[in-house]
Amino acid sequence: LSPRVPWQSQTSGQYQRRVHGHSLTKWMGGHGTGIGCVIVDSGRFNWGAGQHPMYDEKDMSYHGLRWGHDLPAPLLPLAYILRARTVPLRNLGPCMSPDNAWMFCQGIETLPLRMERHCSNAPAVAKFRVR
């Protein structure tokens, strides 16, 4: 899992990243008043290939389900995100608070303007650094 700025999600397929995250705190919210992350799963990784014990071995808390093997065929590519949404939510309760969700919605409203400014400022910064 690696944090990426929003524009990089458009190129994630080129670099074969399977799972990555976006920082809600900095890039999407733009304010730093809440803490959050968005997980993006490409759905192109074989989680049942024997390389990840959490997906190959039986999860007794889910009646012996093997996340990378026992899901219906249409859901197998989503094994990572399904497990990420169910097990930690049940065990740790990492659901975003309503206050944080509201703050991030406020920040997302200005995301297009902020990304446009980031992109237009990048050449000026590059020219300055060359000097």
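Me: Is Arg66 buried, exposed or partly exposed?

Reply: Buried means under 20% relative accessible area, exposed over 50%, and partly exposed in between, with a 1.4 Å probe and protein chains only. Arg66 counts as partly exposed because its relative accessibility is 28%. The model is predicted: local features need pLDDT of at least 70 and side-chain atom pairs count only at pLDDT 80 or more, whereas totals for chains, interfaces and linings use all residues. Residues are numbered from 1 along each chain as its sequence is written, and side-chain values use heavy atoms, leaving out hydrogens and water.

Me: Which residue meets Arg66 in a salt bridge?

Reply: A salt bridge requires a side-chain nitrogen of Lys or Arg within 4 Å of a carboxyl oxygen of Asp or Glu. Here the partner of Arg66 is Asp70, at 3.2 Å from N to O. Asp70 is partly exposed, because its relative accessible area is 38%. The count by this rule is 1 salt bridge.

Me: Which residues make up the largest nonpolar core?

Reply: A nonpolar core is a set of buried Ala, Val, Leu, Ile, Met, Phe, Trp, Tyr and Cys residues joined through side-chain atoms within 4.5 Å. The largest has 9 residues: Val19, Trp47, Tyr55, Leu65, Trp67, Leu71, Ala79, Tyr80 and Val87. Helix 3 (residues 79–91) gives the most to this core, namely 3 residues; helices (H or I, at least four residues) and strands (E, at least two) are DSSP runs numbered from the N terminus.

Me: How many aromatic pairs does the structure hold?

Reply: Rings of Phe, Tyr and Trp (its six-membered ring) pair if their centres lie within 6.5 Å; planes under 30 degrees apart are stacked, over 60 edge-to-face, and the rest tilted. The structure holds 5 such pairs. Trp47 and Tyr55 form a tilted one, at 4.9 Å centre to centre with 35° between the planes. Trp47 and Tyr80 are stacked, at 5.1 Å and 20°. Trp47 lies in the loop between strand 3 (37–41) and helix 2 (53–56) and Tyr80 in helix 3, so this pair ties together parts 33 residues apart in sequence. Phe45, Trp47, Tyr55 and Tyr80 form one aromatic cluster.

Me: Which charged end sits over the ring of Tyr55?

Reply: The rule asks for NZ of Lys or CZ of Arg within 6 Å of the ring centre and within 35 degrees of the ring normal. The charged end of Arg83 sits over the Tyr55 ring, 5.9 Å from its centre. Tyr55 itself is buried, because its relative accessible area is 7%.
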